[in-house]
Amino acid sequence: MSLIETHTGWTPKSFETFARSRDEPAWLSALRRQSWERFLSTPMPDRSEEEWRRTDLRMFRFERFGFPGGPSPAAAVPPAMLAEQVARAGRLVTLDGHLQDHWLDARWEAAGVRFGLLEDFVRRHPEELRAYLEPQLADTPGDKFAALHAALWSGGTLLLVPRGVSVDEPLYSLMAVSPGGSDFGHTLVVLEEGAEATLICEHAGGGEGPGLHCGATHVFVGPGARLRLVHLQDWGKGVWHFAHQRALVQADARLQWTLAALGARLAKVNQYVGLAGPGADAQVNGVMFAEGRQHLACHTFQHHQAPRGKSDLLYKGALQDRAHVVWRGMIRVDRDAQKTDGYQRDDNLLLSETARVDSIPGLEILADDVKCTHGATAGRVEDEMIFYAQSRGLSRREAVRLVVAGFFQQVFDRITIDRVREALEAAIGQRVRDHAEPPG
Amino acid sequence: MSQSPSPGPQYVRVCRVGDVPDPGKTVVEVGDRLVALFHVAGRFYALDDLCTHDGGPLAEGELQDHTIRCPRHGALFDIRTGQALTMPATQPTASHEVKVIGDEVFVRIPEE
């Protein structure tokens, strides 16, 4: 018997009210309506499906959340981990999808860089972004949350860097939710040929009460372009987080993508990287820390479509209390993707006996001249290491923190944005608790 | 009018006795979690609705006497204690206190 009731507050009438309030081009309105129909006709995910086998949604209630686009919340923007320290070239802040703050350095605006609220840009330049938005939003095969996002997305972040422009300081985007609020933000990043940029996206807020983020990110890294992208999710522990993230890397382009998951009650993220052009290069760094009864699920996909592509994925997760982390990774090498170099590794550190990790790597290789490696590990903190550190004068808690810091160091060393690395080190250090029984 | 005795703090009313056949089972929300509630031989028992082997939904399994079999891979649990009786489960699943007062069934929210 399913425990999820039909979402009674989400009626066709509510959707029509929302759709009519949007003031958008006809193609976008049509896309929203098609997506809404798909959302209604797609059943809630069932644990008999492999994708949802280990992620239990039965406590999730759509009717607890409202449509986007209501009045701007009275709440203040919650504090975020990064905020001022990284917003050098530009900053964008939304709260429940409503714009709170925006600026872009005049130098970059003059160079043709577009950075700001996506829904505003779509209204002002509907045809310019259509090719990037329409096919991606329409592609939601069988996924109820992707269809919901395509129907209801609002607010959102746009970064578009024109050909050859090199934005040499980071841009920062914060999507926040108020307690009980929801965010349906869509992030679109387009780097044209030879462009360079660094974009740091953060999610924060929601408190301990229920909140909802149903989002998507689409990234296009043009030929020869260079993008450093960071997604830092530090929601309150009551937020339900569903996100589809998709990057296409063209010939000789390079993407460094760091995804950090620290918050949320339940997070289900699909992260896809397509090495679409010859010589495309993607480095993916994952940092996960789960505690309490958090459930963090990340499904990654490295898709080699063209020859000489390189993908290097390293995920590190630490868990304590009764947390549950699921990592499902796949490298797929198409028949024409000869000379692919694909690497995928997921390491996990269990800090309590009641934490659980399911780490499942995968390879699907159709070419015959490739190098593909994958590995997964899960283990406890070794008592001997703790004893050794204690014998050098550290307290037990300090010793455990040191071991955890050492565990994450390999992935931290790959994060080339100092402020992001430092913030993650500090955040994880604060969260670590010692669960082991004292000896004797 | 006399008031029914209170079950005590941290107890949540989940259903009426007659809502669950004997023998029978259902799933109820207790605080922040889903609990498999069993009604066998006139008594109620409550376990986390979670097989410790691979996270399967215990309440969807086969109930026989005081055992429940996980529908995914067949691990058997004792509904009275949560103890894992057969492979592939090796760890017990959490067991929760149940009180029946009059016609009402209460389950205790576990402390974390």
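Visitor: Which residues of α2(A) meet which residues in α6(A)?

Guide: In this predicted model, α2(A) contributes L31(A), R32(A), S35(A), W36(A), R38(A) and F39(A). Their counterparts in α6(A) are K144(A), A147(A), L148(A), A150(A) and A151(A).

Visitor: How does that contact divide by class?

Guide: The contact of α2(A) with α6(A) has seven nonpolar residues, one polar residue and three charged residues.

Visitor: And at what angle do the axes of α2(A) and α6(A) cross?

Guide: The two axes cross at roughly 150° and come within 7 Å. Angles over 145 degrees count as roughly antiparallel, so α2(A) is roughly antiparallel to α6(A). Helix α6 of chain A covers residues 144-152.

Visitor: Is the crossing of α2(A) and α6(A) left-handed or right-handed?

Guide: The crossing of these two helices, α2(A) and α6(A), is left-handed.

Visitor: What about α2 and α5 of chain A, how do their axes cross?

Guide: The axes of helix α2 (residues 26-41) and helix α5 (residues 126-138), both of chain A, cross at roughly 10° and come within 10 Å. That angle makes α2(A) roughly parallel to α5(A).

Visitor: Which residues make the contact there?

Guide: On α2(A) they are W27(A), L31(A) and S35(A), and on α5(A) they are R130(A), E134(A), L137(A) and A138(A). By class, the contact of α2(A) with α5(A) comprises four nonpolar, one polar and two charged residues. L31(A) and S35(A) take part in the contact with α5(A) and also in that with α6(A).

Visitor: Changing topic: how many residues of chain A are in contact with chain B?

Guide: Six residues of chain A are in contact with five residues of chain B.

Visitor: Now chain B. In what order do the three strands form the open sheet?

Guide: The order is β5-β6-β7 in chain B, and the pairing is antiparallel.

Visitor: Why is one side of β5 and of β7 left without a neighbour?

Guide: Strands β5 (62-64) and β7 (76-78) of chain B stand at the edges of the sheet, and each has a single partner strand, so one side of each has no neighbour in the sheet. Neighbouring strands of this sheet are turned against each other by 25° on average, direction ignored.

Visitor: How many bridges join β6 to β7(B)?

Guide: Three bridges join strand β6 (residues 67-69) of chain B to β7(B), and the two run antiparallel. T67(B) stands opposite D78(B), a residue in β7(B).

Key:
Residues numbered from 1 in each chain as written. Chains lettered and ligands numbered in written order. Predicted model: local features only at pLDDT ≥ 70, side-chain atom pairs only at ≥ 80, totals over all residues. Axes fitted to C-alpha atoms, helices over the stretch in contact; angles between N-to-C directions. Helix = DSSP H or I, 4+ residues; strand = E, 2+ residues; numbered from the N terminus. Parallel < 35°, antiparallel > 145°, perpendicular 65-115°, else oblique. Contact = placed C-beta atoms within 7 Å. Nonpolar A, V, L, I, M, F, W, Y, C, P; charged D, E, K, R; others polar. Pairing = 2+ DSSP bridges. Left-handed = near helix turned anticlockwise from the far one by under 90°.
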